[in-house]
Structure formats: structure tokens, C-alpha cells
Amino acid sequence: MTDLPRSQHIVASGLVAAVGIWVAYVSYTSEPARAFLFPRIISTVFVALALWTFGKALLGRTKVGIGLTASAVANILPGLVVSLVFVFWAADGLGFYTASAITFFILLSLYDPAPHHEVKSWIKRAIITAGFVVVMYLLFAMLLNVFTPREILF
Amino acid sequence: MEFLAYFGEVFTPINFGLLLIGTIGGLILGATPGLSPTMAVALLIPFTFKLDATQGLILLGAAYTSTVAGGAVSAILLKIPGAPANIATTLDGHAMARKGQGARALQLSFVASAIGGVFGVLLLIFLTPILAQWALAFGPSHLFWLAILGVTVIGSLDSSSVVKGLLAGCIGLWLSTIGFDDIMGAQRFIFHSSVSGGINVIPALIGLFAIPQVISMFAKGRRSLDAEVLTVESHPIGEAIREVFRRSRALTIGTLTGSVIGLIPGVGGQIAGLVAYDQSRKMSSEREKFGTGHSEGVIAAESANNAMVGPSLVPLLTLSIPGSPTAAVLLGGLLIHGIFPGSDLFDNYPDVAWTFINSMLIGQILMCIFGLYVAGLAAKVARVPNAVMAAIVLGLAVFGSYSVQHSMGDVYVMMALGTGMFFLERFGFSAAPLVLGLILGPIAEANFIQGAMIANATSSIGEYFFTGLLNLVLIGTVVASIVYSIWMELRSRRYTTKEDAVAKEEATP
Amino acid sequence: MKTLIAAASIALMGLTGAATAQDAESYPERPVMLMVSYGAGGATDFQARIVTMTAGNEDALGVPIAIINKPGAGGRVGWNWFATQADADGYTLAAYNIPHFIAQSIEGGVEYSADSFEPIANWGADPAVFVVAADSEFDSMQDVVDYAKENPGGLTFSGAGLFVGHHIAALQLEKAAGVKLAYIPNNAGGAGAMKAVIAGEVLGGVNNLSDAYRAREAGNVKILGVFDLERNDFLPDVPTMQEQGFDIDNASVNFRGIMAPKGTPQPIIDKLAETVPAMFENARVKKQMEAGGSPMHVMTRDEVIEMWKAREKTLNELLSGL
């Protein structure tokens, strides 16, 4: 195993252990004790297992998990940022249908291999986006009566 | 054999029409992410106001049957399990779809569902009185041990490292304690207002499975068109039927586990598929192929979750106790027509009761026929280019998790868990044990507390939890399961081929 | 440019201002959502679905009411959401359960109280009853209390949770009979509590009259007493607690109705308060409620306001002793 995943494994299992320690801390300090009995049991096991994993990562004995390569991160980042903005802000701020239409189109433009300089590929992307939004609207708004947050445009 | 006399009722034009509508509608609703069978049946209740009792129940029964099976469609094609029952189906089903064998996976799942389902309904028809006693036999201490048994399965489920599997399970158990605790009403770990209501299982399920997959698609970057083309193998239906019967071990384990566990009120439906999957893997001679697109995985999981449908109604129909949320909704469907289920239901309203049960029997078969019909078509989803697929799954995940409770908080939880899960998966953790922890946590905790309260009032905790045949059998099974896991861990340290496949795929330019 | 923005913002303000004034006039113009803080299939959910089924009629609201379930922690999850996050525009309503949410607000740890909500109308009153398994040795409340006196703290009985109607009834019984009992709250609500009684996990239980009536019809339980001031039409043969010598009033009776969040425009509340009780009185609604064994009790907004106040007072007294 190369060095890159090893240091990554240390960071990842360290983070998990940190969460575990926080959970344990909260469980053992919060009242009423009766309501936190179960969290205490869980967090104890959680911390023990997390430290075990962390120790193995430190020793470089982690056997599973492929980690992240630089090229994978570069590929993920734009899509992930767009998705996070969509979910955590745009869906509520702009309305579900508006926001998903925009996100859908951006994601297609980012990852669709069709050449950017051809008008044809842009038309195709727009049509797919429109089709998706229409299907979503028919399924969720018309058929299932789901009340999504108010749209900003209509 | 009384039920045979009422078969005619099912085939009157109106009733059969409703059965068809219920089945097709149920398949569509079931395939929609976020819509669990409970939600789907609750959505249909208003339509039954206008129908008479028999017709209303035919519609509901058919919808229940086919939503459970329909959940397999999104589980296999999109890796979004529509309900906890379909989690196990994603493990091998989606792997098959990725290999271009989506049609085969869907056909296997529908055939296995139908066989399991028919068996379950037959149990309901012939063994109801005995099964009712079995359903009542599970008190708090037994349910607690059952949940612990589930926890011991966690470690070995879809994970190449037992320690990491257990750790993921612990994370899931912890997540399940967030929010108000169910009995005392105390607030726990509410670090953000989105989780003040606790973590709802369905949005969590969608996030944990669908989002890592979306991000993995991003990871492949902007590929040239040629690399995208995946041939979708068409698969003859006869072949699928033969294969299901050839894999008779998985089919038997799935069907039996599903019907036995499905009976237990409050627990059964959610974990039947996972337990069956785990059992059939442990007993399979091709153990190492599980998780890589192995047909036994799909067959065991799907036969189990449909086998559960019939028995899960036993407590409702005989004791008037709804054993699952879906059964509770069906109870509403009976009550609005003034029909009170109970041991004399079959004497007072034989026409309603038997027609309802028969419609589920026919519904299983209709569901299979329609499912097989669309399988080949639906499998073409695998040919949708990566970019489009990622965007579709993301959109469905957002809409689906919002529709459960009309809550933005659920959508945030879905996305946060999903993004976290992507990174965890890269370091050897997997989603299935985490979800199992999330499901089992409340069952274990609530039953432990109730059991302890009863024990304090009557005897001692030791006596309450550790005596009695059923307790001892369950404890024995727990111990056996742990020993087995340790033994397997020591004997053959398994390295997944699945991860290698991902790594290889990303490495190719 | 500046004037353009100013003009635009004035126009926009004019638009929104006009919209609020018009809202009440044309309300409702789209489907209304009704939040139920218990799971699909529970008694509250089931009754809410029946009483709102005629909402789309011209003489009622004219638009359908859609039920949304937000279950968890005895209703706390749903009502917390309703008090803090629901839009106060008349399109988001909720079902209330008295004494549940008032008792929970007195106990603390939640973000609502009776002042957070505006009642619209009441549709049902479901008293608590004491049930034992059909093969139980107990035949009256006296038998139950005698057993409890011989085994202090040893009489286990189930109910739907802490600080809900069943728990209030249990506290009242303990107080009136002067005995210590072991109340076992169930996480699966009334259905789970009933299962515990039928399966013999506990010796008895407090449960909803509607559910207990059905369980008795099915031959699974005996009903020993009603926690109400009068006998119920569904169970004319079951005596009240007072008839059996226990000083217990109707504080635990589970009133169900519809409410709006605080801040909903007054014209909209008035309009709802006028149309909703009439909607509950619909003949079809009554027929189906009776078929399902659910006792109806329609009250107008003013009556509900009175009832909430009275409940808050009694519950404060009862729970202060804890």
C-alpha cells in the first residue's frame, strides 16, 4: 500500500474516532442518566472500535479502503459543490423545480462528454433537463400531492 | 380450503380491474424512492372511501404486495432502496445492473418475490391460528435479543473488515439515538435543528445508498462517449425462472426466514431481507461471490421481503393488533367499513376476508407477470450515460426524501449522511451495517428499557432476560453468530474484489 | 437606475401587501396540509383522514386536505416542528391531542405550549379505559387495586408513552387509589400497549376506548373502567372510575381536533373556525367514524379555547406533584 492512502486512512479513522469520543463525552455528561444509558453503552463500544481502527491506520496495517486519488478528487469537486449548493440552499431558496432544473443542467454540462462547442449538445442537454423536471412534476406534484417549497419564478 | 370458494369474487370485472390498478400502481409507487409501502397504502386510503369493503381491500392488498416488490426496481437500477425491506437487494442487485445484467436481476427478483409471496400468503391461509401464537410469543426481552442478534450480523454484512463493519454499525446505532428518546422524551445529541426530530430511516436510507453512488459517478469525470457504452444483456424469462429454482437453497432460506421473521410485530418487515441475505451467504458454497453481483443474494433478499407480506398480517387479522405500520394503515381501511378484525373475522365477514387474501395471492402472480414484462425495458436504465444518471439519482433522492414528511430537514440529513458515507466507503466502511444499526437501535433500546421496567416490578432483570426457552434459544443464536464471525475472520481474511473493481474503473482514462 | 429599483421595490411591496389582504378573501386556493404527529394508521391519523375526507366539497373548504405524518416521541417531534417551522399562512394545519401536548409542555423540554397554537375546532373525544387480558383474574377495578395493595409497585400495566393521556390516567389512578403501580410506557404507541396486554407481558393496561372496544369485540380483552365522567355510548355496560369509588375526572380524555400555528392571519382563522365544525358534522363523516368505533365530539373554536385553559389548570396541579 502506497503512502498516500496510509496518511488518508490516519485522517479518516482519526475523524471517526474524534466523533466517537465526542459522542461518549456527551453521553457520559448529559442528564437524565436513564435516557443516556443506551448511548453510553454504544459510545463505549464505538470508541473502542474507533481507536482500534485508528491504531491500525497509524501502523499502516489498514487492509481495506482504496482512499482518494488526486484525479478522483479533481473530478468530484465541481459536481459535489454544485450538489451541496443545490441541496442546502437552492432547493429551499429557489424552489425545488427551479433549483433542480438549474442543477441538472449544470451537472450535465460538467460531466456530459458531448463536445461543448457544438450547439447540438447544448440543445440535447436542455431537452433532457426539461424532460426530467416535467417527469418529477407529474410524479410528485400531480400524482403524490407533495407540497414543495414555493417556487421563486412561478 | 374455504378460500377456494371465494376465488370467483376476485375475477368479477370490477374487482379484477381494481386488482390490476392496484398492482400496476403499486409497482410504480414502490419504484419511487422515498415511498415506502406504508406511505403508498396510506395514499390509497382516500380512494377506498368510495368503494365497498371488499373492493377497497382488494386495492390495498394488491398495492401492498406490489409496492414491496416494486421497491426492488429502484434498488437494483438506481441503488436507492425504497424501503428498509429492499436494502439487501441493492447489495447484489445493483452490482448485477452495473455489469449490464439488470434485466436478469429484475427477473430474478420478481420471480423470487412471487414465490416467496405466494408461500407467505399460503401460510396466512392455512396456519393463521398457530402463527398468531408465535407472533404474541415475542415480548420485550425476546425482541431485545432479536435486535442484538441483528447487531451481531452487522459485522459480517457487506464489509470486508469485521471491525469496520461493527464500527459502521455503532455509528448507525448512535445516529438512531439522536432526537427525542421514544420513551422518556429526553432530547439527545441535537446539534442542529434538522435532527431535532431524530433521523428518519427512509431519507437516511436514500442518502446512504444513493449519494455515494452519485459522487462515485462524478469521480469518473468527463469521459468520452465510447467508454460509456454498456451492453445491456437481454435475458430470457425462462432462464430466470430456471435459475431461481436452481438456487433452491437461497430461495428456501429467503422464503422461510422472511415468513418467520415477518411475523414478529414491530421488527419483522424491516430486517427480514437482511437476515435472509446474511444467512444464505453464510450457508452458500459461493460465499465470496456475494456483494459482487451474485444471483443468490438477490433471490434470498427478494423472496424474504415478499414472503413477509402474508405473515405480517396475521396479528392484524386474528388479534386486531397491527404488527407493522403498513398493517396499521390496512386496519384503517377495514375500520372505515365497520369491519373489526379479530378471531371471528373469518366467520363474520368471510367474503371480505377471503377475497382480500385471495387478491393478494393473485396479486403476487400479476405483479410477477407485469414485473417480468417491464424488466427488459427497465434494465435499459443502465445505458443512461453517467452524467445524466448522476443528475437523475440526485434529483430523485432530494424529491424522495422530502416527500416522506415534507421536511427540508430530512433532505439536509439525507445529503449530509450521503456525503459522509461516500468518504467512509473510500476507507473501507459500508452503508449496509450502518443502516442496520440505525434500524435496530430503537428496537433494542426501547425493548431493553421496557423489559427492565417490567423486570424491576415483577422479578429481576437477570431472570427476565436470561430465563425462558425463547430467550435461551435467541441468546444461543447470538453467541453462535459471534463465534462464526470471529472464526470466519481468522480463517480467511477476505479482500473484496468490489473495491478493486472501483479502483480499476477510476484508473482507466 | 436608482429610481428604477425604488419603483420596482415599491411595486413589489404593493404586490405582496395586496396579496396578504387578498389571501383571506380567496383562501383557500390550493390544497391544505394537515400535520398529524403520530404514524400512519394510528387512531389520530385514521380519524384525521376520515374527518377531512369531505374538505374538497363546495360547502366545506373547497380544496382537499392532505395528511402528512411526522411521528416520534409521543407527538413531540411533530408539534415542535409545527410550533417552530410551519408556515403561518393557513395552508399548514395540525391535529392536536389534548392532554398530550399540554402535559408535555408542562413537563418541559419542548418548544411549544398551549400559547403556540390557535385551535380551530375539535372533532373527537376518546376516553382512556382500563383493560386486562380476556383470561385475566381481575374482573373489576377493585380487584386490580387490591392486587396492587398486596404487591406495591408490582402491578405492571402498559400505556402509549409518558405524558400522554394514558399516563395522565395512570397517575390519576395511583393518586385516587393511593397505591403504587408500575406504569410501562410503550414505544409503539397504543397498538403496542394493547399487544402487551393481550400477550400477557403486563397485567393490565390503559388504552384508547376506541381500540379497546375493538379488542373486546375480537374477544381479546375485558374492559374494567372508563376514565371519564359518564359512561360511553360504545360501552354502556362499563362503569366509570367514579362509579367504582375512585375520584377520577375526565382530565385524561383524549380530545382530538385541528389547530393552526400562532400568527396565522385572523381572517383565515375565523373562516376555518366557521367552516371546519360544519365539515365535521357531515353525515358521511359521522357514519364512517361510528363504523370505526371512534367517538365523535364536535366543539367550536371558542369551546376549545375554554377546554384548553381548563386542561392546562388541572394538568398543572396533577403534574406538579411529580
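Mentor: Before we start: two residues are in contact if their C-beta atoms, placed from the backbone, lie within 7 Å. And keep in mind that this is a predicted model.

Trainee: Okay. How many residues of chain B are in contact with chain C?

Mentor: 46 residues of chain B, and they meet 50 residues of chain C.

Trainee: Which elements give two or more residues to the chain B side?

Mentor: There are helices H3 (37–48), H16 (325–335) and H21 (431–458) of chain B, plus strand E1 (179–180).

Trainee: And what's that side made of, by class?

Mentor: On the side of chain B that touches chain C you'll find 26 nonpolar residues, 19 polar and 1 charged.

Trainee: Switching to chain C itself. Which domains does the assignment give?

Mentor: Domain 1 of chain C is written in two pieces, 31–126 + 254–320, while domain 2 covers 128–226. Their centres, taken over C-alpha atoms, are 26 Å apart.

Trainee: How many residues does each one put into the contact?

Mentor: Domain 1 of chain C puts in 15 residues and domain 2 of chain C puts in 17. On the domain 1 side, helix H4 (residues 100–107) of chain C gives the most, with 4 residues. That side of domain 1 divides into 6 nonpolar, 7 polar and 2 charged residues.

Trainee: Now the inside. How many residues are in the largest nonpolar core?

Mentor: It has 338 residues. Ala390(B), Val393(B), Ala397(B), Val435(B), Val129(C) and Val197(C) have the most contacts inside that core. As for elements, helix H6 (residues 102–136) of chain B supplies the largest share, 17 residues.

Trainee: Take Ala390(B). What does it touch?

Mentor: Leaving out residues up to four places away in sequence, Ala390(B) touches Val214(B), Met217(B) and Phe218(B), along with Leu107(A) and Tyr111(A) from chain A.

Trainee: Since chain A came up, what's its secondary structure?

Mentor: Chain A has 5 helices and 0 strands, so from the N terminus on the order is α-α-α-α-α.

Trainee: What's the radius of gyration of chain A, against a compact globule?

Mentor: Chain A comes out at 23 Å, but a compact globule of 154 residues would be near 15 Å. The C-alpha atoms of chain A fill a box of roughly 55 × 45 × 20 Å along the principal axes.

Trainee: What percentage of chain A is buried?

Mentor: Buried residues are 36% of the 154 in chain A. Looking at contacts in chain A between residues at least 6 apart in sequence, 63% join residues at least 24 apart.

Conventions
Residues are numbered from 1 along each chain as its sequence is written. Chains are lettered from A and ligands numbered from 1 in the order in which they are written. This is a predicted model: local features need pLDDT of at least 70, side-chain atom pairs count only at pLDDT 80 or more; totals for chains, interfaces and linings use all residues. Domain bounds come from an automatic or database domain assignment. Ala, Val, Leu, Ile, Met, Phe, Trp, Tyr, Cys and Pro count as nonpolar, Asp, Glu, Lys and Arg as charged, and the others, Gly among them, as polar. A nonpolar core is a set of buried Ala, Val, Leu, Ile, Met, Phe, Trp, Tyr and Cys residues joined through C-beta atoms within 7 Å. A residue is buried if 20 or more other C-beta atoms lie within 10 Å of its own, exposed if 12 or fewer, and partly exposed in between; C-beta atoms are placed from the backbone. The radius of gyration is taken over C-alpha atoms; the globule rule is 2.2 Å times the number of residues to the power 0.38.
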